[in-house]
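Colleague: I would like to learn how to read a model of this kind. Could you take me through it, feature by feature?

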Amino acid sequence: MSDLAYLFFEAAFVDNMPLTLFLGLCTFIALSKRTESALGLGVAMIGVMGLTVPLNHLIHRIILAPGAWAWAGYPEIDLSYLSLIAFIGVIAAVVQLLEMVLDRYFPQIHASFGVFLPLLTVQCAILAGSLFMVERSYDFAQSFVYGIGSGTGFAVAVVMLAAMRRRLAYANLPAGLRGLGITFVLAGLMSLGFASLSQMAATL
Amino acid sequence: MARRIDLWATLTAPLVSQNPVTLQILGLCSALAVTTSLATALTMSASLTVVLTLAAGVISTIRRFIPETIRLIIQIIVIASLVIVIDQVLQAYFVEMSRALSVFVSLITTNCLVLGRTEAYARHHRPVAAMTDALGNGLGYSLVLIVIGAIRELLGKGELLGFVVLPSVDAGGWYTPMSFMLLAPAGFFLLGALVWAVRSLLPEQAEDAEFSSPLPSEGAE
């Protein structure tokens, strides 16, 4: 298996954002009540992560990384402590841009996303994607694949969870477990399933 | 006097009855990721409470000067700056802990709890009230983290804060550590069980059946 394909698989299933790394859980739980909204969130996640991770990679390499200003005669400058503000700014800008483009050219898709698109600015998983990219020093191609991969993993997980929660309509649950409680149990069961995928990855 | 009682209620309400994690669905991401041991849970709780309280204070102080359209960006920048400070302090004085928490300290920036409270409360209240509310929510969040962190470390390793409580079989004791507790699924199950327990004790928190009255998705941030 080629490296990039393996990275995609790993990002999407082994290191699944919500289920094994607990990232982006707030939206994961809150927007999985209906399958349509879950699907919209999933698609938006793939798009935003596929854009922001490589963009942040460029910003990190050209401006923020230690020694990035060596060509200008300042090899000792290390701006990496600014990466958090830079990354969140890029994410907010990309989300805003995506919203404007969709509104202008694809108003129907934009309407179906509704409120979820602006909320992606404060999605832990998206910021974490960029932070992991720096921590694991991916190159540009790897960042792109990693972004798309983790977005896909999130989309798959949230759609599956929404599909399962719909079936709960027929279940007679104890009052205290309804809603949030049972959703955690479901997510835990899914997480068990995804844990077995990491065994698969070990043998690839 | 009435004002003091009011503040007291603002401080204590989020501890159990309005708990940010089990009721408002805010700040879940970090609540599970850092609770494999009690020490990381404590550090995370302290960092988040400090960031939340300071951010609420700052935003509430400048609330009249924030233009409505760009308020989210301003709030995030305030929060991100505070998080950078905390991160640098941890890196400087608690290197081990900073490594154990990895990116999760930085992720306080996007913790829905911080933005949720500044957006919902600090923006409309005076600094003292806003900071009290933030402190209460921070403590409520810490309470959940500490309970889950303690259970996971105790059952997963037989230790609390690194001290042996249940002597494990390897060390000549009787307790077989359940390493499952340290894995991701256990975090979900424990939080689910905790929510169940809280809602059984306080039945008014229980949600209606989903198909009859879908709740508005509050706290979706």
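**Reading the two-chain model**

Modeller: Start with the interface. This is a predicted model. About 4000 Å² is buried between chain A and chain B, and carbon and sulfur atoms give 79% of that area. In chain A, the residues that lose the most area to chain B are A:Phe22, A:Val122 and A:Phe184, together 18% of what that side buries.

Colleague: How many residues does each chain bring to the contact?

Modeller: Chain A brings 45 residues and chain B brings 44 residues.

Colleague: Which elements of chain A give two or more residues to the side that touches chain B?

Modeller: They are α2 (17-20), α3 (25-30), α5, α8 (124-135) and α10 (180-203) of chain A. The largest share comes from α10(A), with nine residues.

Colleague: Now the folds. What is the secondary structure of chain A?

Modeller: Count the elements, then read their order. Chain A has 10 helices and zero strands. Its C-alpha trace spans about 70 × 45 × 30 Å along the principal axes. Of its 204 residues, 51% are buried. For the reach of its contacts, take residues at least 6 apart in sequence: 76% of those contacts join residues at least 24 apart. Chain A exposes about 8800 Å², with 68% supplied by carbon and sulfur atoms.

Colleague: And what pattern does chain B follow along the sequence?

Modeller: Chain B reads α-α-α-α-α-α-α-β-β-α. That is eight helices and two strands. Buried residues make up 50% of its 221 residues. Among its contacts between residues at least 6 apart in sequence, 73% join residues at least 24 apart. The accessible surface of chain B is about 10200 Å², and carbon and sulfur atoms hold 68% of it.

Colleague: Let me try single residues. Why does A:Asn56 count as buried?

Modeller: Compare relative accessible area with the cut-off: buried means under 20%. A:Asn56 is buried because its relative accessible area is 0%. The residue sits in helix α4 (residues 35-64) of chain A. Beyond its neighbours within four places in sequence, A:Asn56 contacts A:Ala86, A:Phe87, A:Val90, A:Ile91, A:Ser130 and A:Met133.

Colleague: Is B:Ser37 buried or exposed?

Modeller: B:Ser37 counts as buried because its relative accessibility is 13%. This serine lies in a loop, between α2 (28-33) and α3 (38-61) of chain B.

Colleague: Last, the surface. Which residues make the nonpolar patch?

Modeller: A patch takes residues with over 30% relative accessible area. Here A:Leu97, A:Met100, A:Val101, A:Tyr105, A:Phe106 and A:Ile109 make a nonpolar patch of about 620 Å². Helix α5 (residues 83-105) of chain A gives the most, with four residues. A:Phe106 is in the loop between α5 and α6 (107-113) of chain A. A:Phe106 counts as partly exposed because its relative accessibility is 44%.

Notes
Residues numbered from 1 in each chain as written. Chains lettered and ligands numbered in written order. Predicted model: local features only at pLDDT ≥ 70, side-chain atom pairs only at ≥ 80, totals over all residues. Heavy atoms only, no water. Patch = residues over 30% accessible without salt bridge, like charges linked within 9 Å, V, L, I, M, F, W, Y side chains within 5 Å. Areas by Shrake-Rupley, 256 points an atom, 1.4 Å probe, with all protein chains shown as cover. Salt bridge = Lys/Arg side-chain N within 4 Å of Asp/Glu carboxyl O. Buried < 20%, exposed > 50% of the residue type's maximum accessible area, 1.4 Å probe, protein only. Contact = heavy atoms within 4.5 Å. Buried area = accessible area lost by both parts, 1.4 Å probe.
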